[in-house]
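Me: I would like to go through the helix packing and the aromatic pairs here. Could we take them one at a time?

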Amino acid sequence: MDLENNKAQMRKGILEYCILSVLSRNSCYASDIIKELKEAEVIVVEGTLYPLLTRQKNAGLLSYRWEESQQGPPRKYYELTDEGRKYLIDLDKSWQELVESVNLIRTR
Amino acid sequence: MKITVSINLGGYSFNIDEDAYAELKRYLKNLELHFAGEESSSEILSDIESRMSELFRSKLTTYKQVINIDDVRQVESVMGTPEDISDNEGPSARDKFSSPGYHRMYRDTDHRVIGGVCAGIAAYWNTELWLVRVIFFVLAMMGVGILIYLILYIVLPEARTTAEKIAMKGNPVNIHNIKDSVKQEFDTVRKNMKL
């Protein structure tokens, strides 16, 4: 068994959930999301984030607006759509169930 | 002393060493290919470029105004290689992004004398370029060669992108082939500059 690969698979599974959770608090621009994900150690290389954001946007879970920036070109601020909020509630539920399932087995 | 190149990355202008530029171009080309099968791939790439631009800006000060190869390598390691990114997406990701041996005829203007028709044919059939040229010369002497050449010139598209240049030779378009091909391009450019 390859532990690193296993860890990567787990991270991958929860990464989308984490992105939506970060955005559920307030709208952010990509670098803010990166910062949070890095602090929580759910992301290793930054390149992983951008295709996910675009996919979530294409799926209608996110939208973005351009906002002027003091330090340079305008930035993309991402926020959850109503659909994204509903989706996140579902994910919250299944995450809870997963945690409970694992706990049940681990403590038996 | 080093030559620098001026580039626009994410709406910012940077002065970047020549070798660093070659490395950055190679990296972005790899990413481009990696996301080629993806919907909105250009959007993903421009997001990545904006982020890289931000990381590069944080490396510049009044006393350091040029991006060097170490900066590029460092930013690349932060962003991750296409391989790192595809590992996160499961084992099948690499196959998904390489199309199987797409093979078609182009005009090869890198090796052209007139319009690259002969070079394109030679690349397609993997034969000697001089042989194709001799055949065309003989056909031209017989009176039909020039017409055939003109028709082919009009019909065949020019191989512009790296992916087209690889498809011209019939190799499968994947990250490794693109890497080789881009490297070859740089070696040629470098040689030409030294001459």
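This is a predicted model: local features need pLDDT of at least 70, side-chain atom pairs count only at pLDDT 80 or more; totals for chains, interfaces and linings use all residues.

Me: At what angle do helix α3 of chain A and helix α2 of chain B pack?

Reply: Helix α3 (residues 49-58) of chain A packs against helix α2 (residues 41-57) of chain B at an angle of about 135°, and their axes are 9 Å apart.

Me: Which orientation class does that give α3(A) and α2(B)?

Reply: They count as oblique to each other, because an angle has to be over 145 degrees to be classed as roughly antiparallel. The crossing of α3(A) past α2(B) is right-handed.

Me: Which residues make that contact?

Reply: From α3(A), the contact uses Tyr50(A), Pro51(A), Thr54(A) and Lys57(A). From α2(B), Glu43(B), Ile44(B), Asp47(B), Ile48(B) and Arg51(B) take part.

Me: Staying with α2(B), how does helix α1 of chain B pack with it?

Reply: Helix α1 (residues 18-34) of chain B and α2(B) pack at an angle of about 150°, with axes 11 Å apart. α1(B) is therefore roughly antiparallel to α2(B). Here, too, there is a right-handed crossing, as α1(B) passes α2(B).

Me: And which residues are involved there?

Reply: On the α1(B) side they are Leu24(B), Tyr27(B), Leu28(B), Leu31(B) and Glu32(B). α2(B) contributes Leu45(B), Ile48(B), Glu49(B), Met52(B) and Phe56(B).

Me: Where do Tyr17(A) and Trp95(A) lie?

Reply: Tyr17(A) is in helix α1 (residues 3-25) of chain A, and Trp95(A) is in helix α4 (residues 82-106) of chain A. The pair therefore ties together parts that are 78 residues apart in sequence.

Me: Is Tyr17(A) buried or exposed? And what about Trp95(A)?

Reply: Tyr17(A) has 14% relative accessibility and so counts as buried. Trp95(A), at 35% relative accessibility, counts as partly exposed.

Me: Which residues do ring pairs link into a cluster?

Reply: Tyr64(A), Trp66(A) and Tyr78(A) are linked in that way.

How values were computed: Residues are numbered from 1 along each chain as its sequence is written. Chains are lettered from A and ligands numbered from 1 in the order in which they are written. Side-chain values use heavy atoms; hydrogens and water are left out. Axes are lines fitted to C-alpha atoms, for helices over the stretch in contact, and angles run from 0 to 180 degrees between N-to-C directions. Helices (H or I, at least four residues) and strands (E, at least two) are DSSP runs, numbered from the N terminus. Angles under 35 degrees count as roughly parallel, over 145 as roughly antiparallel, 65 to 115 as roughly perpendicular and the rest as oblique. A crossing is left-handed if the near helix is turned anticlockwise from the far one by less than a right angle, and right-handed if clockwise. Contact means heavy atoms within 4.5 Å. Buried means under 20% relative accessible area, exposed over 50%, partly exposed in between (1.4 Å probe, protein chains only). Rings of Phe, Tyr and Trp (its six-membered ring) pair if their centres lie within 6.5 Å; planes under 30 degrees apart count as stacked, over 60 as edge-to-face and the rest as tilted.
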